[in-house]
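Here are my notes on the model, point by point. Please read them with the coordinates open.

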Amino acid sequence: MEPIANADAAIRIDSHLDGTHERSLAEDVLDGLTRPFKELPPKHFYDARGAELFDRICELPEYYPPRAERAILNESAAELAELTNAAELVELGSGTAAKTRVLLDALHEAGTLRRYVPVDVTESMVRSSAEALTEEYPGLQVHGVIGDFERHLGRVPPAVGPRIVAFLGGTIGNFPPGSRRRFLREIARLLSPEDHLLMGTDLVKDPQVLEAAYDDAQGVTAEFNRNVLQVLNRELEADFDPEDFDHVALFDREHEWIEMRLRARREHTTLVRALDLSVHFDAGEELRTEISAKFTPERLEGDLSAAGLELVRWLTDPDELFALTLSRSADVAAVASNGSG
Ligand SMILES: C[S@@+](CC[C@H](N)C(=O)[O-])C[C@H]1O[C@@H](n2cnc3c(N)ncnc32)[C@H](O)[C@@H]1O
């Protein structure tokens with residue numbers, strides 16, 4: 001990995017993908033498409049086209065999470081800046097960093113902000129947000145990390161001061177419960193006693209509202225879902241016809257998560273040439289492309305506590321659609337309460 005120093009010294013970008021992402025895609029496809037119930041992990045949605053489609057999803061009337069999360073940030077950013085004194089904001093799955101600006105504004109205003117560290121698998125997003133943010137916030141250093149947060153958390157640079165690790169957009173919901181706790185434990189290891197985790201989670205609500213959010217009237221989410229097949233066609237020389245699949249979004253009431261699937265319209269066999277793999281689909285057979293877990297306060301606290309984290313603030317929007325939680329290492333909390341008691 002070669003660090004790429006920008007002409008503007010405020011920006012440094014490290015890429016850790018060099019081939020590993022392609023290998024991970026190949027492994028995931030080989031593993032996921034040969035299972036009895038076919039499945040692909042959602043990180044492969046986000047090529048440049050997928051990232052663009054996700055941006056459009058965020059503007060859709062049915063997709064309430066970004067608006068609800070932004071409303072919470074607008075309401076609480078100053079308090080979060082005061083509570084954390086953060087010199088650094090590390091953001092996992094940063095995307096366009098659209099809502100992040102609310103937090104950056106508050107930290108800038110508080111006079112503590114020195115560095116922003118976006119971590120995302122989509123190279124174009126890390127580069128364009130680094131360029132835009134160094135222009136918008138004079139004096140801000142941006143150290144971008146192009147990588148997979150499931151593999152490259154260890155590549156997040158050492159902190160320059162108290163830090164907030166932000167994981168917004170409800171992306172934590174993409175992890176099934178066991179790996180969710182494991183991943184939260186890995187994030188917890190990034191936190192020194194003066195650091196905080198700020199995490200966005202979508203809340204359990206009326207299934208109709210949830211299903212509409214993942215199956216919009218304009219069909220943008222359907223296009224986003226099918227785009228993963230184009231990624232496979234391009235990267236692994238597969239011959240999927242996206243039109244052979246229907247987009248499906250269902251709320252699983254038992255697990256309290258949304259599932260996105262692609263359902264084969266007809267029986268057919270696809271060839272994934274780079275893997276020398278042929279994949280048979282029966283008519284109506286489904287490929288699961290994403291789960292998006294919805295949370296209750298109890299579930300979230302259970303997950304945080306299992307990861308060695310303690311809740312500092314639970315923040316929600318007036319309609320209680322979405323939650324932002326600020327937490328810190330439970331060891332710090334124990335030391336603080338022993339000290340004060
Ligand atoms: C649901 S979007 C959220 C974007 C942004 N945080 C927001 O709140 O609008 C998920 C983001 O995480 C990134 N992402 C998904 N899986 C990833 C992974 N394993 N490693 C790094 N980034 C990932 C995607 O590229 C995308 O930008």
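**Notes on the fold**

1. Start with strand S11 (residues 268–272), where side chains alternate. His268, Thr270 and Val272 point to one face and are buried, buried being under 20% relative accessible area, exposed over 50%, and partly exposed in between (1.4 Å probe, protein chains only).

2. A word on the basis. This is a predicted model: local features need pLDDT of at least 70, side-chain atom pairs count only at pLDDT 80 or more, and totals for chains, interfaces and linings use all residues. Residues are numbered from 1 along each chain as its sequence is written, and side-chain values use heavy atoms, with hydrogens and water left out. Helices (H or I, at least four residues) and strands (E, at least two) are DSSP runs, numbered from the N terminus.

3. S11 pairs with strand S12 (residues 277–281) in the antiparallel sense, over 5 bridges; pairing requires at least two DSSP bridges between the strands. His268 has Phe281 as its bridge partner in S12. The two strands form a hairpin with 4 residues between them. In the turn, Asp276 has a positive phi of about 55°.

4. Which residues touch the most other members of the largest nonpolar core? They are Leu33, Leu232 and Phe240, in a core of 36 residues. A nonpolar core is a set of buried Ala, Val, Leu, Ile, Met, Phe, Trp, Tyr and Cys residues joined through side-chain atoms within 4.5 Å. The largest share of this core, 7 residues, comes from H8.

5. A second, separate core of 35 residues includes Ala68, Ile146, Leu324 and Leu326.

6. Helix H5 (residues 123–136) has 14 residues, and its end C-alpha atoms are 20 Å apart.

7. Finally, an open sheet. Its 4 strands run in the order S3-S13-S10-S9, with mixed pairing. Strand S3 (38–39) and S9 stand at the edges with a single partner strand each, so one side of each is left without a neighbour in the sheet.

Technical notes
The expected span of a helix is 1.5 Å times one less than its number of residues.
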